[in-house]
Every structure is written in C-alpha cells, then in structure tokens.
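Opening the notebook on a new model today.

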Amino acid sequence: MKLKQISEEAYYIPGAVNIGVIKSGNSAVLIDTGLDREAGRRILRLLEKNNLKVKAIINTHSHADHFGGNSYIVRRTDAKVYAPEIEAGIIQYPYLEPLYLYSAHPVKDLMSRFLMAEASRVDFVLDVKTETKLDLGEEYPNVDILSLPGHSPNQIGVEVDGVLYCADSVFSRNVIEKYKIPLFMDIERQKQTLSLLEKSGYEYYIPCHAEATNDISELVESNLDVIRKVEEFLISLKRGTTEEILRKLCQEFEIKLSNFTEYYLMTSTLRAYLSYLYDKGVLAANFDEVLYWKVNEVG
Ligand SMILES: [Zn+2]
C-alpha cells in the first residue's frame with residue numbers, strides 16, 4: 001500500500017478500491033475506507049507511517065467495499081464521518097443493502113461482507129441537492145462535493161485542487177470486460193452523470209475502480225457504450241418476464257451467474273434498465289398471472 005500524490009493536497013492509495021486522501025499539514029481526510037476491518041487497519045497504518053491523523057471520512061456511497069473500513073478507523077481515531085442522504089442510512093444500517101437487493105429478509109448468502117459491511121456511525125448527512133462546499137474546518141477550505149448518482153441512488157464525488165474523486169461513476173475497461181454489464185441502479189441518472197463528466201474539465205479524475213486519469217472521455221464512452229448495447233438488446237427482445245429477459249441477457253453478454261450475490265446484483269441492474277425503459281414509455285407491463293414486459297409498438 002502506497003500513498004500517491006496528485007497535487008498539493010490530493011493523494012490516493014491505489015488498490016482494488018482506490019482510497020482518496022486529502023492532506024493538510026499532518027491531518028488527512030479519507031474518501032472511502034475499503035471493504036473491511038483489515039482494509040481500515042492497513043489504511044490507518046499507512047497514514048501513521050506518513051505522520052497523518054485522520055480528521056474525517058467522506059463516504060461516496062454505501063456499497064460495502066467503500067465503507068467497510070469505517071468502523072475500525074472510527075473506533076481508533078477522532079474521525080467524523082460524512083455521507084450523502086440515503087447512502088448514510090445504509091452505512092448506519094447495512095442490513096438495508098441485502099434487504100433491498102432481495103426485497104425481503106435475504107437468504108444468508110446475501111448477508112456476506114461483500115454486501116453487508118460492519119455498521120458505521122455517520123456524523124454529518126449531506127444534502128447533495130443544496131450543498132456544494134463541504135465544511136471540514138479551516139484546514140480544508142477548498143473541498144467540494146458533487147452529485148454523481150446512478151451507480152447508487154445518491155453517490156457523490158469529491159473535488160479538491162482540480163482533482164475529482166469520482167467514486168464508481170465510471171468503470172475501467174477491465175471491470176467492464178470482467179463483469180460485462182456494470183452495476184447501475186438508475187439508468188437515467190447514470191447517463192446524466194456520464195454526460196456531466198464528459199463535459200467537465202477537471203485536471204485529474206480518480207475513480208475507485210479504474211486508474212487515475214487526466215482524460216475521462218474514454219472511460220465515459222466505454223461506460224455509455226455498454227448502456228446503449230444493453231438498451232438496444234432489451235428492446236430487441238419484444239416480450240418476456242424478468243427472468244426470461246435475464247436469461248437472454250446473460251446469454252447475449254456471456255455472463256455466468258453462479259451464486260446469490262451475482263444473481264441479485266445482475267437482477268437489480270436489469271431491473272434498473274426495465275424501469276428506465278418503462279418510464280420512458282418504451283416498455284409496457286402486462287399482468288398475466290406474472291409480469292410480462294413488452295415493447296410498445298411505435299405509431
Ligand atoms: Zn459501488
């Protein structure tokens with residue numbers, strides 16, 4: 001684990017989840033904390049080695065691999081935790097994550113550390129509709145937050161020094177090649193987020209699951225490309241139940257679902273596309289004992 005410097009204040013710790021670090025003197029603000037206690041322990045050790053004290057944690061969203069290290073760090077430091085509305089609810093009550101994926105009390109397989117991190121206190125709940133400046137005290141006068149919803153309902157990015165920590169708003173080509181269809185929970189807002197990133201002019205972008213880059217457009221394009229392909233494929237199917245559509249989607253995109261976690265994450269992603277197409281009037285719903293989705297005839 002290494003601390004990598006991008007600008008005077010902006011640093012990050014590259015890893016499976018890139019952890020943001022904003023530095024001011026001997027104090028540091030963390031952006032996300034990794035999957036679990038072990039991640040929290042390693043982050044804290046690295047900061048101590050660099051003579052840094054954690055002043056605050058900003059969680060970009062409530063997926064387990066982004067806040068799982070919180071509780072370890074919060075217990076050992078005076079760090080205050082900041083998280084956006086809705087996401088803050090899950091960070092404090094992580095059971096909500098497998099609960100909403102399964103939409104009832106989940107099978108035990110879904111209550112794993114990948115979907116249900118250790119709960120963490122949240123000290124400040126951020127209203128991303130009205131707040132842009134983050135008040136972290138006088139050591140950090142220039143930290144801004146930015147709404148980047150889509151991958152999760154209320155995800156935020158954090159900006160300092162022209163560097164944007166853009167969380168899971170874009171995925172790398174490698175991630176897309178591996179998972180084929182990345183997890184997006186709200187397609188409309190994800191598209192808006194991608195177009196906002198495309199037009200933005202930050203000097204540097206640090207996504208959590210892609211290499212830091214000074215040019216975001218290629219990442220934006222490859223993420224948009226998958227969304228377009230999924231949409232087109234779903235429309236080409238004409239009619240089907242959610243399960244039928246899921247099976248065809250997996251065949252088309254060569255996705256193998258082999259456990260509850262993979263199945264429910266992909267089902268949620270598919271449902272995000274279905275509600276998006278339904279709300280746009282592209283799909284209609286037929287209730288014939290079960291729910292059938294059907295493409296609306298044009299004209
Ligand atoms: Zn995520």
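This is a predicted model: local features need pLDDT of at least 70, side-chain atom pairs count only at pLDDT 80 or more; totals for chains, interfaces and linings use all residues.

How much area do domain 1 and domain 2 bury between them, and what share of it is on carbon and sulfur atoms? I get about 1,800 Å², with 66% of it on carbon and sulfur.

Entry, domain bounds. The assignment for the protein chain puts domain 1 at 4–228 and domain 2 at 230–295. Their C-alpha centres are 28 Å apart. I count 20 residues from domain 1 and 17 residues from domain 2 in the contact.

Entry, who gets covered. On the domain 1 side, Leu101, Ile181 and Ile187 lose the most area to domain 2, together 31% of what that side buries.

Entry, polar side. I looked for salt bridges across the interface of domain 1 and domain 2, and the rule finds 1. For residue pairs in polar contact between the two domains, the count is 8, with both residues at pLDDT 80 or more. I also asked which elements give two or more residues to the side of domain 1 that touches domain 2: they are α5 (96–102), α7 (187–199) and α8 (217–236).

One salt bridge I looked up by residue: the side chains of glutamate 231 and lysine 191 meet at 2.7 Å, N to O.

Entry, the sheet. Three strands make an open, antiparallel sheet, ordered β12-β14-β13. β12 (239–240) and β13 (283–288) are the edges, each pairing on one side only. Helix α9 (residues 242–252) packs on this sheet and touches β12 and β14, its direction making about 55° with that of β14. Between β13 and β14 (residues 290–295) I find 6 bridges, and alanine 285 stands opposite tryptophan 293 of β14.

Technical notes
Residues are numbered from 1 along each chain as its sequence is written. Side-chain values use heavy atoms; hydrogens and water are left out. Two strands pair if DSSP finds at least two bridges between them. Helices (H or I, at least four residues) and strands (E, at least two) are DSSP runs, numbered from the N terminus. Contact means heavy atoms within 4.5 Å. Axes are lines fitted to C-alpha atoms, for helices over the stretch in contact, and angles run from 0 to 180 degrees between N-to-C directions. Domain bounds come from an automatic or database domain assignment. Buried area is the accessible area (1.4 Å probe) that two parts lose on being put together, summed over both. A salt bridge is a side-chain nitrogen of Lys or Arg within 4 Å of a carboxyl oxygen of Asp or Glu. A polar contact is a pair of N or O atoms within 3.5 Å; within protein, one must be able to donate a hydrogen and the other to accept it, and residues adjacent in sequence count only if both atoms are side-chain atoms.
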